[in-house]
Amino acid sequence: MQVHVSPNMSRITISTTNGFLDFMKVKVAARHLSYRTLFYSVLLLAFLLPFVFIFTAVITLDDFEDCTSLDCLGRLGPRLLRRANASPRMAKEIFGVLLQANNKALPEGMVVPESFNDLVAEMRAQHYDPLTFALKLKAMVEQLEEKTRLAKLQENLYRHVASSSVPKGMSCLCLKLADEYSSSAHARGQLPNPEFVPRLTDNSYHHFVLATDNVLAASVVVSSAAKNFATPDTAVFHVITDKKTYAAMHAWFALHPLAPAIIEVKSVHHFEWLTKENVPVLEAMETQSEIRRYYHGGHIIGTNLSDSPKTVASKLLSRSPKYMSILNHLRIYLPELFPNLHKVVFLDDDIVIQRDLSPLWDIDLHGKVNGAVETCRGNDPWVMSKRFRTYFNFSHPLIAQNFDPEQCPWAYGMNIFDLQAWRKTNIREIYHYWLKENLSSNLTLWRFGTLPPALIAFRGHVHPIDPSWHMLGLGYQFDTDLASVQKAAVIHYNGLAKPWLDIAFPALRPFWTKYVNYSNDFIRNCNIMES
């Protein structure tokens with residue numbers, strides 16, 4: 001290339017090597033622009049033009065498509081600034097390869113790299129084509145997914161075993177208290193004192209019922225309720241336990257009274273009404289070999305390793321041996337167990353009371369029997385977004401013909417029961433009928449223990465109460481909103497992660513441990529620690 005400048009700088013000619021001439025006439029006003037400046041500007045332009053043409057050609061070849069000179073020049077800027085910017089067409093090609101790999105089965109015997117570094121090294125050595133690379137990547141992802149799923153299944157199985165066992169410290173506590181009961185008259189003292197016995201049937205008092213064989217859990221429920229009650233001198237707690245735990249439970253509350261609240265401790269064998277004749281289904285559940293095998297057989301029986309971890313967790317939870325306990329079915333017999341009472345609040349043993357519960361007695365149930373929190377009004381998958389289909393097997397014709405899968409269920413744990421209204425219904429008979437149907441169907445009508453037959457028996461007899469009275473799910477979800485926990489009147493550790501177990505969620509456990517006196521001699525001597 002040659003540049004010719006006329007003597008008077010009125011014409012500049014640029015000559016290319018192939019003989020073609022490009023002419024550029026420049027009129028110059030000497031007063032505004034010096035000839036020297038113009039000269040160097042033209043000279044710089046002459047050197048830049050070849051690079052412009054070269055980059056335009058490269059871009060055109062790189063994109064494999066035709067483009068006008070102006071179009072290619074327009075692309076030059078971005079390419080010069082960021083050459084690695086991928087085009088949408090490149091992303092489309094990558095997606096096409098991934099889609100092709102997704103629809104193709106993995107070759108038998110394919111060696112799967114253990115890590116991404118191994119994959120990169122293998123690619124460098126083997127010079128894989130895009131499809132082979134995508135198949136290798138697919139195999140790695142599927143292998144990792146399977147390892148993760150199996151790890152979750154194993155975790156759920158371990159949690160199930162841990163939740164079904166009794167911690168050593170709590171077993172020790174029962175033994176020491178039972179020993180104290182046998183050796184100390186104080187531990188065997190009458191509960192309540194004789195002068196307070198009339199309050200046990202006085203309907204001007206607030207009556208709570210708790211059925212449990214867990215001494216430490218019972219102490220937390222009763223102490224948290226009494227300490228937060230506006231008028232504790234009007235609170236009466238009826239604690240029901242089984243025969244083996246009665247001595248320990250009685251000794252604990254005899255040695256640790258919560259005056260002015262009244263506490264009564266009774267065993268199921270103290271209730272004359274609870275006979276085999278009146279509770280035939282429970283007798284059948286305890287003696288039928290198939291039922292015992294279901295609850296006490298191998299923990300993995302009835303589960304499918306191809307199921308999701310959540311499904312397996314649900315199946316394992318439904319096989320908890322606690323569902324065979326009469327204590328778990330006891331609430332369905334409240335009108336018969338307390339024939340003189342009009343209204344009671346029934347409490348589970350895995351809850352903590354954080355507010356005064358006396359306003360519950362002022363709630364108008366509008367003639368209904370059961371005041372409960374509904375569990376279909378939220379978004380979380382474990383607790384507050386359930387329907388009847390969650391609990392029942394709607395592939396069974398008996399269930400499909402009688403119930404609506406979209407019906408809203410409610411929760412046990414903290415319920416206000418109008419016993420007067422209850423006595424006018426056939427709730428107990430319906431409960432027994434469906435328990436028998438489930439037994440005769442080899443336990444195929446539902447999965448979860450005692451709530452499904454109660455959902456059936458109480459249909460049409462439930463009055464929804466505000467969810468702030470009863471917050472569920474603290475035994476399921478580690479990411480429970482702590483602000484909501486603090487505001488709830490009752491928090492419920494339903495699920496496997498009970499607060500007295502090592503598998504409890506650390507952030508949620510303190511709401512329970514604050515009501516445990518770890519300086520107590522029995523608790524300290526059994527090495528029951530806060531964390």
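In this report a residue counts as buried under 20% relative accessible area, as exposed over 50%, and as partly exposed in between, with a 1.4 Å probe and protein chains only. The structure is a predicted model, in which local features need pLDDT of at least 70 and side-chain atom pairs count only at pLDDT 80 or more, whereas totals for chains, interfaces and linings use all residues. Residues are numbered from 1 along each chain as its sequence is written, and side-chain values use heavy atoms, with hydrogens and water left out.

**Overall fold**

The chain has 21 helices and 12 strands, where helices (H or I, at least four residues) and strands (E, at least two) are DSSP runs numbered from the N terminus. Of its 531 residues, 46% count as buried. The chain exposes about 28,200 Å², of which carbon and sulfur atoms supply 56%; accessible areas come from the Shrake-Rupley method with a 1.4 Å probe, and for residues only the protein chains shown count as cover. Among contacts (heavy atoms within 4.5 Å) between residues at least 6 apart in sequence, 71% join residues at least 24 apart.

**Salt bridges**

A salt bridge is taken as a side-chain nitrogen of Lys or Arg within 4 Å of a carboxyl oxygen of Asp or Glu, and a search of the whole structure finds 10 of them.

| Lys498 | Asp350 | 2.5 Å |

The side chains of Lys498 and Asp350 meet in a salt bridge. Lys498 lies in the loop between strand S12 (490-492) and helix H20 (510-513), and Asp350 in the loop between strand S7 (343-347) and strand S8 (351-353), so the pair ties together parts that are 148 residues apart in sequence. Lys498 is buried at 11% relative accessible area, and Asp350 is buried at 6%.

In the second pair, Arg377 is exposed at 59% relative accessible area, whereas Glu374 is buried at 17%. In the third, Arg428 is partly exposed at 22%, and Glu429 is partly exposed at 41%. Asp213, Asp242 and Lys244 are linked in a network of salt bridges.

**A nonpolar surface patch**

Met90, Ile94 and Leu98 form a nonpolar patch on the surface, with about 270 Å² of accessible area together. Patches are made of residues with over 30% relative accessible area and no salt bridge, like charges being joined within 9 Å and nonpolar side chains (Val, Leu, Ile, Met, Phe, Trp, Tyr) within 5 Å. Leu98 is found in helix H3 (residues 88-102) and counts as partly exposed because its relative accessibility is 42%.
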